[in-house]
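The tour below moves from the whole chain to individual side chains.

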Amino acid sequence: MQITLHVNVQVKDGTLVLTAPTGKTVTFSKEQTAQQKISMIVLGELCDLPKRQLAAGFGFKTRKSYYDIRNAVLNGSLADLLPKRPAPRIPPKRTQEVEARIIRMRFETDLNMYEIAETLSHMGFNISARLVAQVLADYGLAKKNEAHWRPSPSDSSSKKRSKSSTAPASRVHTS
């Protein structure tokens, strides 16, 4: 049995549109990635289009993408054609509003990252101290990065001890 097909193939905004000369169309949405990949390989095997051009028409960047998908279609399973990384199922905790509040609290108060995280938790934001530290570090506001931060003169840990005061009394020799 011999079948001759004349099909116009277009990809519009990630949607695959196959159109026959009679005007009938078949569309595959972005979510139907396995079907799009199979269609690309079928067209690649049956026509003489350059593989890079064919891959670009289906939304892939390289010729290698075409051959990787071809290998999966011809030798692999359906699972090989599905997207590998699913989209995140929960919204991110680090939003612009959270970043703004962290930065504002750093400038308006003298709280450390743990206290900022606790304060924001009481305000209804479910964030960790580690997230606060990442935001402060990304904006150069972590205390270890602040050039103007100096220990106060009354801080006893910043004072140097003299050598005589550090030697224990039992080690002093008298001759």
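What share of the contacts in the chain with a separation of 6 or more comes from residues 24 or more positions apart? The share is 36%, where contact means heavy atoms within 4.5 Å. The model is predicted, so local features need pLDDT of at least 70 and side-chain atom pairs count only at pLDDT 80 or more, whereas totals for chains, interfaces and linings use all residues. Residues are numbered from 1 along each chain as its sequence is written, and side-chain values use heavy atoms, with hydrogens and water left out.

**The whole chain**

Begin with a cartoon view. The chain contains 7 helices and 3 strands; helices (H or I, at least four residues) and strands (E, at least two) are DSSP runs, numbered from the N terminus. Followed from the N terminus, the order of elements is β-β-β-α-α-α-α-α-α-α.

Next, display the surface. Its accessible area is about 13800 Å², and carbon and sulfur atoms contribute 54% of it; the areas come from the Shrake-Rupley method with a 1.4 Å probe, and for residues only the protein chains shown count as cover. Of the 175 residues, 23% are buried. Here buried means under 20% relative accessible area, exposed over 50%, and partly exposed in between (1.4 Å probe, protein chains only).

Arg94 is partly exposed at 28% relative accessible area, while Glu99 is buried at 14%.

A salt bridge also links Arg94 with Asp138, whose closest N and O atoms are 2.8 Å apart. Asp138 belongs to helix α6 (residues 129–138) and Arg94 to the loop between α3 (63–75) and α4 (96–108), so this pair ties together parts that are 44 residues apart in sequence. Asp138 is exposed, with a relative accessible area of 54%.

**Along helix α4**

Move to Arg101 and Glu97. Both residues lie in helix α4, 4 residues apart, or about one turn of the helix.

Key
Salt bridge = Lys/Arg side-chain N within 4 Å of Asp/Glu carboxyl O.
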